[in-house]
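The exercises below go through a two-chain model, each with a task sentence followed by a solution in steps. Please keep the sequence and the coordinates at hand while working through them.

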Amino acid sequence: MAGITSYGAYIPRYRINRMTIYGSIGFVNQATIMPGEKAVCNHDEDSLSMAVNAGVDCLTGLDRSKLDGLYFATTTASYKERLIAGIIATALDLSAEIRAADFTDAVKAGTTALLSAGDAIKSGSAKSILVCASDCRLGPAGSFQEEMYGDGAAALLLGDKKVIATLEGSYSISCDFVDHWRHEKERFNRIWEDRWVRDEGYSKFIPEAISGLMKKYNINPKDVAKVCYPCMYVRAHASIGKQLGFEPDQVQDHMFTTVGLTGTANPLMLLVAALEDAKPGDKIIVASYGNGSDAMLLEVTPEIKSIKGRKGVKNSLANKKDLPSYEKYVTFNQVLAIDIAGRGEQAVPSSSSILWRDRKKALSLVGSRCKRCGTPQFPPQHICVKPDCGAVDEMEEYRFSDRIGHIFTYTGDNLVYTPDPPELYGVIDFVGGGRSQFNLTDCDLDEVEVGMSVEMTFRKKYYDRGVTGYTWKAVPVRV
Amino acid sequence: MAEGIKDKVAIIGMGCTRFGERWDMSSEDLMVEAYKECIEDAGVDKKDIDAAWWAALYSMQGFTGLQLSQTLKLQYLPVTHVENACASSTEALRGAAYALASNCCDMALAVGVEKLKDVGYGGLPDLKTPAEFLTMPNMSGPGVYAMMATRYFSRYGLPPDEGKRMLARVSWKTHQNGAKNPKAHLRRAVSLDDIINAPIIAWPLGLYDCCGVSDGSAAAILVRADDAKKFRKDPVYIKSLQIAAASGADMWYTDYDYTHAETGYQCGIRAYKEAGIKNPREEISMAEVHDCFSITETVTMEDLQFSPRGKVREDIESGFFDLDGGLPVQPDGGLKCFGHPIAASGIRMVYEMYKQLQGKSGDRQIKNPKLGLTHNMGGYPPWSVVGVAILGL
């Protein structure tokens with residue numbers, strides 16, 4: 001039976017309170033006040049990097065060589081022409097012999113990717129497909145969209161063995177309902193009047209899809225443990241559930257006041273949150289929104305109990321740090337273009353041929369381990385670094401991206417360019433061996449100590465003439 | 001069995017430009033300024049020179065031997081461009097010395113130059129290769145040495161304020177010396193409090209823990225030791241000339257402690273052996289070491305065995321390395337006050353030893369020096385090339 005075999009999520013550590021935004025620029029467009037905070041990317045994060053980190057969470061403890069597909073859903077792809085799913089697959093150190101595809105343009109593309117992966121499993125053309133959905137949408141500074149949109153990612157592994165939630169069925173609506181849009185020439189989303197979007201959009205398409213699904217599979221609201229769907233207004237979110245006949249405790253928390261609207265990732269993040277609390281036999285409905293809606297019915301199996309050690313939504317929500325400055329926020333997302341002159345402009349020219357040759361090193365964080373003495377080393381070496389070994393070309397691949405390390409030494413550098421000075425970096429010793437230098441991210445200098453435990457996180461590294469370079473950085477382990 | 005370079009080669013002339021922000025000077029202009037003083041000091045004719053080496057690190061100064069041969073109008077000589085990071089001009093000196101010792105030429109010129117102040121911003125331009133840039137942090141010079149200070153403080157249990165005070169004493173001493181040197185870039189004594197309270201460049205290093213950034217050039221003319229007295233009564237002899245490059249273990253193997261530079265320690269051992277020195281703390285009269293940052297000089301005192309491991313603080317704070325101390329270090333003002341035009345620094349240090357040995361250092365003159373040591377560390381502690389030269393009468 002096809003279904004979900006694992007889940008993971010990623011929420012950026014930084015949160016900005018919506019009052020911080022109002023406090024900085026006032027109620028400039030659409031005189032409304034939205035409650036709570038939203039998750040925002042650090043300056044080195046984007047939809048791609050978040051998807052990789054959600055993927056790492058989802059694949060915790062699993063054999064990555066078994067995957068034969070990776071679908072990525074986003075409306076905020078970092079390239080218009082370059083397979084983002086291919087970059088994610090390389091970062092996750094998956095085989096090249098997989099089917100990889102990007103699902104994009106509508107915020108319901110997350111559920112569409114999930115449905116497509118389910119269909120591929122059901123048809124037998126694939127055994128194990130990872131679906132990542134991630135978004136970091138922007139509105140103009142001071143806009144309604146800026147208040148609503150949050151950043152986040154979810155990952156779901158689909159397969160037909162050890163299924164934790166079976167895919168029971170789906171019901172889809174697709175139409176050209178233009179409530180928000182972004183032209184190819186524009187960077188920021190535009191939106192039509194919020195009352196129309198609320199009443200004619202969310203409050204119609206989601207109920208239509210969910211009731212269509214329940215009718216199609218002869219389900220009553222009381223049969224359902226949790227129903228998951230996004231909405232831009234907290235009160236309207238509650239009304240939709242009520243309208244469909246669900247009690248408030250059957251409706252999965254919207255995360256609007258903790259994370260915000262996360263585009264393609266939104267319904268999948270809500271589903272992950274529902275799975276975290278699910279019991280065997282629970283029926284879960286998840287519906288997306290955006291140019292229509294996909295509604296899906298899932299049933300949780302006893303295998304759900306085997307899923308352990310995920311950060312998921314719950315732990316990611318708990319791991320947060322307030323970003324008290326709106327100026328920092330608009331610097332991180334490059335709405336405000338700060339000066340990078342001088343040192344910041346001295347980019348080392350990116351080279352496609354070097355990136356291809358070194359893709360395992362740079363994107364997969366794969367080094368080598370000496371087969372003679374067992375010493376792990378990064379970057380990969382021909383000749384063993386251990387002084388009394390020195391074996392020549394007796395190396396095997398060794399992945400560091402999912403290993404814990406300790407900070408051996410570090411600094412906070414005010415001389416090099418970074419959008420968030422000082423630039424933090426240090427020497428990391430990996431548990432099990434291996435040492436190299438990495439940036440530290442998502443922390444302040446005064447939080448860092450010699451000996452502190454760190455884990456690796458996938459991030460943007462540089463931008464050079466149309467190329468965003470990605471690699472791994474270290475981040476303090478937070479329990 | 002290798003014999004080493006000891007007493008086979010002598011320096012008979014040297015020149016050194018004023019170091020600083022020489023906005024009106026190109027690297028060619030700087031080389032000419034150093035060369036003019038050098039050839040006048042040697043009292044020889046240009047046509048007597050029959051081989052030359054020049055060192056510059058950054059590519060904006062050009063490649064090949066032509067930058068030197070065409071600037072000085074050397075007539076079809078074997079001229080070689082060398083680069084070995086901050087040890088570049090020690091490498092040029094080594095090329096010249098080895099050619100003389102092997103009897104392949106009779107008089108050789110070595111020049112080091114670096115024109116840094118055409119970059120448009122402070123500090124040094126990055127040197128990573130595109131492949132390194134894919135994963136390595138964007139690190140600055142202060143940052144990579146700051147990591148050594150972080151580790152040194154941690155290993156020896158120094159609270160940051162005590163650690164910073166120790167480092168401040170290093171820079172304080174050097175500024176005292178630099179204030180007396182007309183060729184130095186930063187000619188001002190600085191108070192300990194100003195040093196400690198200066199803005200942080202890379203934690204825990206502040207502004208005065210960092211050397212200046214400047215332009216400069218230095219040059220030397222060398223002959224075989226047997227010929228040296230024909231040119232002057234007080235030639236300075238090379239007792240040792242060593243280079244050590246890191247093996248990768250310091251960078252990527254987990255044994256390295258980051259509180260010393262193994263390259264510096266190993267290079268020192270080889271240099272002392274070559275020069276026949278048994279007790280460096282007693283036998284070396286003075287030293288110019290690579291004080292790109294205060295922490296660099298600090299650990300170098302231990303690497304070169306001037307102070308026992310972990311005990312340098314006592315020597316720093318007792319004034320042992322002051323101009324009137326037991327082993328004066330940076331008598332000319334060091335990189336701290338000269339700045340560090342990369343490939344000029346090695347020969348600039350030798351210039352100070354040469355003048356001190358000849359008794360020509362004015363109010364910075366050290367009493368009766370016998371042996372002077374110079375030390376450069378290129379790159380950063382686990383990824384370094386170190387050059388050590390020992391000179392004497």
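**Exercise 1. Describe the make-up of chain B: how many helices and strands are there, and what is its radius of gyration?**

Step 1. Chain B has 15 helices and 11 strands, where helices (H or I, at least four residues) and strands (E, at least two) are DSSP runs numbered from the N terminus. The model is a predicted one, in which local features need pLDDT of at least 70 and side-chain atom pairs count only at pLDDT 80 or more, while totals for chains, interfaces and linings use all residues. Residues are numbered from 1 along each chain as its sequence is written, and chains are lettered from A and ligands numbered from 1 in the order in which they are written.

Step 2. The radius of gyration of chain B is 19 Å, close to the 21 Å that the globule rule gives for 393 residues, so chain B is as compact as a globular protein of that length; the radius is taken over C-alpha atoms, and the rule is 2.2 Å times the number of residues to the power 0.38. Along the principal axes, the C-alpha trace of chain B spans about 60 × 45 × 45 Å.

Step 3. Of the 393 residues in chain B, 63% are buried; a residue is buried if 20 or more other C-beta atoms lie within 10 Å of its own, exposed if 12 or fewer, and partly exposed in between, with C-beta atoms placed from the backbone. Two residues are in contact if their C-beta atoms, placed from the backbone, lie within 7 Å, and among the contacts in chain B with a separation of 6 or more, 78% are accounted for by residues 24 or more positions apart.

**Exercise 2. Work out which elements of chain B give two or more residues to the side that touches chain A.**

Step 1. In total, 34 residues of chain B are in contact with 42 residues of chain A.

Step 2. The elements of chain B in question are α4 (130–133), α5 (141–155), β5 (200–202) and α9 (249–252), and the largest share, seven residues, comes from α5(B).

Step 3. By class, this side of chain B divides into 20 nonpolar, 11 polar and three charged residues, where Ala, Val, Leu, Ile, Met, Phe, Trp, Tyr, Cys and Pro count as nonpolar, Asp, Glu, Lys and Arg as charged, and the others, Gly among them, as polar.

**Exercise 3. Determine on which side of helix α7 of chain A the buried residues lie, and what covers them.**

Step 1. In α7 (residues 234–244) of chain A, the buried residues are A:His237, A:Ile240, A:Gly241 and A:Leu244. They cover an arc of only 95 degrees around the axis, which puts them on the same side of α7(A); the arc is that of the directions from the helix axis to the C-beta atoms.

Step 2. A:Arg235 and A:Lys242, on the other side of α7(A), are exposed.

Step 3. The cover over the buried residues of α7(A) includes α6 (194–216) and β11 (226–228) of chain A. After α7(A) comes A:Gly245, which has a positive phi, near 95 degrees.

**Exercise 4. Is A:Asn333 buried or exposed, and which residues does it touch?**

Step 1. A:Asn333 is found in the loop between α10 and α11 (352–357) of chain A.

Step 2. A:Asn333 is buried, because 21 other C-beta atoms lie within 10 Å.

Step 3. Not counting residues up to four places away in sequence, A:Asn333 touches A:Cys41 and A:Leu138. A:Asn333 and A:His43 are 290 residues apart in sequence but 6.2 Å apart in space, C-alpha to C-alpha.
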